[in-house]
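Have a look at it, then read on.

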Amino acid sequence: MNLSTIDLREALLKYWPALFAGLLTLALASGAVWAVGESPLAVLLILFNSAFGGVENFSYTLFYATFILLTATAVTVALEAGLYNIGAEGQLYIGALFAVLWNQAVAALFQQQAGLSPALSVLCLVGGTGAAFIGGAFFAALAGYLKTYRQTHEVLSTIMLNFIAYAIVNWAILNPLKNVETQNSETVWIIESLRIEKIWGQASPFLFVALIIAVIVLGAITRSWWGFRVRATGQSEPAAKLAGIGVKKTLLSAMALSGGIAGLAGFNEVYCNSYRLIDGFSPSYGFTGLTVALLARGKITGLIAGALLFAGLQKGALDLDLETEYITRDLSVVIQALVLVGLCIGQSLKRRA
């Protein structure tokens, strides 16, 4: 047996769960589409053309990919520490709320909604980014505290905190931050000079920030002393304690960083897209990021590819309502669920092998 055969076998064993999840999803989704009277190939072509066919369509895919890459990176940080952050959805909403609150503070300080100088605008944008990060980090740290000091499982606490985040944001939108000029559930607009324009179609320049964050964070996890402590804690808390690692501090810092990165997705919405906070703006970016993180398994290439794939699915599914008779955009949610089921089955088979 030569070296290339061994490498191929190791690669198959390593990526078997993701490969199995993809094949199972394709088979089950195709069967479901065929069962309701549509052609699986035709639906696949609609999804592909809508997501990647043309500049405008692809720019929308990149738009969705920015959110998904941020939330997937956030969840990956927690996963490396052995934590399941199911609360990225709530954390990005809190991050968006803090970003709007920062805008209101700047508007009150300078008594204007338009003409800030370029230098001051950049400074305020950095402050808005920090505010969104702090908001998401604080909200995730609540779950981290409950995990480390009260032994409350993070899955339970983060899910419950999602509903609390929705309630807080909804109250803020309908009361102190309400835009009285419209009946829609949205806040006042942010200062004009703080609005970041699109760079290509619907693609936001924050996409490059998301890429940089993903590379830096995953690099820190694999190559820094802090990352070693995170990975050691995630693999075995008792062993990490014996090695002198402060497990509680490590878990809390990982959870806070995870929430902070998710909060940046809220900044992207407020300052790079809608220029205000709209109730229910997220089509489950946090949960999609969870799926991508589970598939990527801590690899930057996996995060980027997964973000593009699921962003394309998000964009492509929008055209299913128009171009098919029996299939709707809800197919994208079904496919995400099938991916998770396939991934769980693949992991189970891998452990038994």
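Let's start with F208, which is partly exposed, with a relative accessible area of 47%. You'll find F208 in helix α7. Keep in mind that this is a predicted model.

In soluble globular proteins, nonpolar side chains tend to be buried together.

## The nonpolar core

Now for the inside. The largest nonpolar core has 88 residues, and the members that touch the most others are L70, V270, Y271, L277 and L320.

Take L70 and leave out residues up to four places away in sequence: L70 then touches F206, A210, I213, I261, L264 and A265.

## Two salt bridges

How many salt bridges does the structure hold? There are 2. One of them pairs E154 with K147, and their closest N and O atoms sit 3.3 Å apart. E154 counts as buried because its relative accessibility is 2%, under the 20% cut-off. K147, with a relative accessible area of 23%, is partly exposed.

E186 and R276 also form a salt bridge, with 3.1 Å between the closest N and O atoms. This pair links distant parts of the chain, 90 residues apart: E186 is in the loop between α6 (154-174) and α7 (206-223), while R276 is in the loop between α10 (247-272) and α11 (285-296). Is E186 buried or exposed? E186 counts as buried, at 6% relative accessibility. R276 is buried as well, with a relative accessible area of 15%.

## Helices worth a look

Helix α10 has 26 residues and reaches 37 Å from its first C-alpha to its last, close to the 38 Å expected at 1.5 Å a residue. Of its 26 residues, 21 are buried, so α10 is largely enclosed by the rest of the structure. Helix α4 (residues 88-110) has 23 residues and spans 33 Å from first C-alpha to last, close to the expected 33 Å.

Then there's α12, whose 18 residues reach 26 Å between the first and last C-alpha, close to the 26 Å expected. Its buried residues include L303, G306, A307, F310 and A311. Setting aside neighbours within four places in sequence, L308 is in contact with F52, T61, L62 and A65.

## Positive phi angles

Most residues other than glycine have a negative phi, and most peptide bonds are trans. Here are some residues that go the other way. Q151 has a phi near 55°, a positive value in a residue other than glycine. Q151 lies in the loop between α5 (118-150) and α6, and is exposed, with a relative accessible area of 61%.

R297 also has a positive phi, near 55°. You'll spot R297 in the loop between α11 and α12 (300-317), where R297 counts as partly exposed at 35% relative accessibility. Which residue follows α4? That's Q111, and its phi is positive, near 55°.

## Distances along the chain and through space

G53 is found in the loop between α2 (40-52) and α3 (55-80), and is partly exposed, with a relative accessible area of 35%. The C-alpha atoms of G53 and G316 are separated by 9.9 Å, though the two are 263 residues apart along the chain. G316 is one of the buried residues of α12.

M160, in helix α6, counts as partly exposed at 47% relative accessibility. From M160 to G263 it's 17 Å, C-alpha to C-alpha, with the two residues 103 apart in sequence. Finally, back to L308: its C-alpha and that of L101 are 31 Å apart, for residues 207 places apart along the chain.

Technical notes
Residues are numbered from 1 along each chain as its sequence is written. This is a predicted model: local features need pLDDT of at least 70, side-chain atom pairs count only at pLDDT 80 or more; totals for chains, interfaces and linings use all residues. Side-chain values use heavy atoms; hydrogens and water are left out. A nonpolar core is a set of buried Ala, Val, Leu, Ile, Met, Phe, Trp, Tyr and Cys residues joined through side-chain atoms within 4.5 Å. Buried means under 20% relative accessible area, exposed over 50%, partly exposed in between (1.4 Å probe, protein chains only). Contact means heavy atoms within 4.5 Å. A salt bridge is a side-chain nitrogen of Lys or Arg within 4 Å of a carboxyl oxygen of Asp or Glu. Helices (H or I, at least four residues) and strands (E, at least two) are DSSP runs, numbered from the N terminus. The expected span of a helix is 1.5 Å times one less than its number of residues.
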